[in-house]
Amino acid sequence: MSNKWESNPEIQRFRDYLRIPTVQPNINYVECIEFLKKQADELNLPIELHYPYDETKPIAVITWEGADPSLPSIVLNSHMDVVPVYENLWTHQPFAAEMDENGNIFARGAQDMKSVGMQYLGAIKRLQDKGVRLKRTFHVIYVPDEEIGGDKGMRLFVKTEAFRRLNVGFALDEGIASPDEVFPVFYAERSVWRVDFICHGTTGHGSLLLENTAGEKMRHILDNMMDFRAEQVEILKNNPEFSIGDVTTVNLTILHGGVQSNVVPSSLTALFDCRLAVDVDHDAFEGKLRTWSEQAGGDIEVNFVQKRPKIQPTCIDNNNPFWKAFRETLVDDLHLKIKPLVFPGRTDSCYIREVGIPALGFSPLSNTPVLLHDNDEYVSADTYLTGISIYTKLIEKIGNI
Ligand code: ZN
């Protein structure tokens, strides 16, 4: 089917990128890197590859040098990988980037976040075509494995000498599409903690009433964790201005233990996924978990499968010149609506902020149903192209700070 977007080179670039199946798990990034090299070539920009983990986990950095390279640079970050699909639940091939008659482009990664990765380049191309030379250097970074935690990608890269040499002053990274005209802008993330409670207790025959059983201890842990969860549900309900990122979430995700139905088990284990709100005192929260374990009868191991540190939110007032430029571009110049939020999940921005660099999560996809990780993920061609216009203004403004 042919339509007015079919021959647009930016739409073609986007669809070509979507057709590279960088889908978890065990991704071979070779084809993707070759594609990015070709894009850099066409834009006449140098591309550098880094391997902070090993050669299977490449990081590509395309650089557009500014007129004053001594100024701190700006990172435009995106991840190359996408999450798996339930192909039978899609009405389009998930890696064919099919476009319907309305210009809706369907593919895994259309929203999260191959659109953003290519929109950065589209914006740079437009500025190059206008003959614009910005003061600051831009590094467009493509990282692997964000969807599985970024441990072999951005998490390592920000700690390398190669990254330090980029002299980064500010970063843009992914946000989330918005079903209406308001663009969410993410300035912080909660800290992910995964806590395993292993309750040890008296074992014996299931016909008795033994003391200090694992089951009784587990009941205390569950009661306390779920009561805390209920408090957070109330806080969220009673504060209409709050979103999920403003409260601490607690969810029981794995339960196991026991060997036979008539044997009282020597241990039972419960794993909770916790996301600590940005204002939570981490020591106090851990103290609470340990107190509950003591009150439950002791002999409970509290193991942290994951325990992310407290990370400073990015400043969103006029003391941060990058925020000021961001807000002025979107609100004053483009008359768009924005809403600063704490990101509900985790992105690679957490590693960027962790090394002290301000970062904003933003995907210019308004009036788009939120379909990241969902079936029939799509972006309309018009939305995609409008996003390039937004980035063009934004990059021009931020690049001249
Ligand atoms: Zn993403």
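**Exercise 1. Work out how Asp223 and Arg219 are placed relative to each other in helix H6.**

*Solution.* Start with the helix: Asp223 and Arg219 sit four residues apart in H6 (residues 214-238), so about one helical turn separates them. Helices here are DSSP runs (H or I, at least four residues) and strands are E runs of at least two, numbered from the N terminus. Next, check the side chains: Asp223 and Arg219 form a salt bridge at 3.6 Å, N to O. The cut-off for that label is a side-chain nitrogen of Lys or Arg within 4 Å of a carboxyl oxygen of Asp or Glu. Last, accessibility: Asp223 is partly exposed at 38%, while Arg219 is exposed at 56%. The classes are buried under 20% relative accessible area, exposed over 50%, and partly exposed in between, with a 1.4 Å probe and protein chains only.

Some ground rules before moving on: this is a predicted model, where local features need pLDDT of at least 70, side-chain atom pairs count only at pLDDT 80 or more, and totals for chains, interfaces and linings use all residues. Residues are numbered from 1 along each chain as its sequence is written, and side-chain values use heavy atoms, with hydrogens and water left out.

**Exercise 2. Find the protein donors of the zinc ion and their spacing along the chain.**

*Solution.* Collect the N, O and S atoms within 2.8 Å of the metal (3.2 Å for Na, K and Ca); water is not among the atoms, so sites may look incomplete. That gives His79 (NE2), Asp112 (OD) and Glu174 (OE), lying 1.8 to 2.1 Å from the zinc ion. Along the chain, the donors read H-x32-D-x61-E. Now place two of them: His79 is in strand E3 (residues 73-79) and Asp112 is in the loop between strand E5 (104-106) and helix H3 (114-129), so this pair ties together parts 33 residues apart in sequence. His79 is buried, at 1%, and Asp112 is buried too, at 5%.
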